Amino acid sequence: MELRRITLYEVWMPLKQYFETSFGATVERPGILVRLEERGGEEGWGEIVAGEGPWYSCETYVTAWHVVEDYIIPLIRKKELTPARYSSIVSRIRGHNMAKAGLEEALWDLEARLRGIPLYRHIGGIREAIESGVSIGIKSSVEELLKTISVRLGEGYRRIKIKIKPGWDIGVVEKVREEYPDIPLQVDANAAYTLSDALHLKRLDEYNLLMIEQPLSHDDLVDHAELARLLRTPICLDESIKNPDDARRAYRLDSAWIINIKPGRVGGIGPSKAIHDFWSSMGRPVWIGGMLETGVGRGHLVALATLPGVKYPNDISASSRYYEEDIVEPPWILEKNGTIRAPQKPGIGVEVLLDRVEKYARRTKTYTV
Ligand code: OSB
Ligand code: MG
């Protein structure tokens, strides 16, 4: 594909409700949208999911812009690109997976649109609807949490994930289970514990959780393996799996049974597929996680969630769970049966509303390539 222009939009999307994890609260979500235009006039869109501060990962929306502008764009100028060639070219840059992923996603979207096929088919997806779960942040009280869970279940979400941290864990899960003995339920610690909390975490085994996500340090594989031997609750890794090699090592060490794949964290759709393929070939399940994406990034998540190895509901909720108005048309909608349909239109299958993007953008820049 021959690119003509790349435009970056730094958008700030106000969340309907703040989202709190063990590393902090997000009130307004920054994100960088990537728009590619190729010679024939076709477009591709991707999203950089780096946050406001280096809390979930070391990247921020500021470092991501810097890396795209000063390193990625100069490296790809005048090059004939496919998503795979792009990944190979930018592999010279260490880390900065979220920055890399934005353009990579846009290339996949562009390639699918040029071929006139939906992105999910282009990447090997096999289902026309994906199972939608919801991730619920830390609340000011258990009552508040129970109320939120009841609303989300009423909307049709197929599984509830709650964020935990020291002081907001066993007691909270116990109360949720008292109220809802049978719902599919899982917890996410975002790396808030250490191995010395192993016996404390073991108490979660009583509550029939689908999994515990990233209990220990953000780049650990060894301690998770030790914890996995102690717990009956399956361990799911999020932060610790940053590339396909990490997945291979996690399998070797037996650090996890499940991987939450996020394209931003691992450098895009290609590396996500590689992790999916490897982990599935080992007979283990994956699902697709989210980073509070706008409708653009969400399109890429939906496409990935149609892959055959996705065996659990995903952190892919409707646009209305996050935002008063999304920047795409149609917005992502939850069906009554708790699924989201994979669009049959080319690429991510939704139209990006440029006037909305401009409304939320605080910085925009176009590069000719
Ligand atoms: O750990 O999965 C996480 C959001 C921001 C940063 C990290 C995480 C999350 C979520 C939200 O859990 C998932 C979503 O996009 O709905
Ligand atoms: Mg997580």
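Predicted model: local features only at pLDDT ≥ 70, side-chain atom pairs only at ≥ 80, totals over all residues.
## Ground rules

Local features need pLDDT of at least 70 and side-chain atom pairs count only at pLDDT 80 or more, while totals for chains, interfaces and linings use all residues. Residues are numbered from 1 along each chain as its sequence is written, chains are lettered from A and ligands numbered from 1 in written order, and side-chain values use heavy atoms, without hydrogens or water.

## The largest pocket

Let's start with the largest pocket, which holds about 550 Å³ of space. A pocket here is an open set of points on a 1 Å grid over the protein atoms alone, where a 1.4 Å probe fits, with protein on both sides within 12 Å along at least five of seven lines; lining residues have an atom within 4 Å of a point. The volume is the space filled by probe spheres set on the points, which are joined across faces, edges and corners.

Its lining has 27 residues, with Gly 95, Asn 97, Lys 242, Arg 265 and Val 266 nearest the centre. Domain 1 (3-116 + 351-368) and domain 2 (121-341) both contribute to the lining, so the largest pocket lies between them; the bounds come from an automatic or database domain assignment.

## The second largest pocket

The second largest pocket has a volume of about 470 Å³. Its lining has 33 residues, and those nearest its centre are Phe 19, Phe 23, Thr 26, Met 291 and Leu 292. Domain 1 and domain 2 both supply lining residues here too, so the second largest pocket lies between them.
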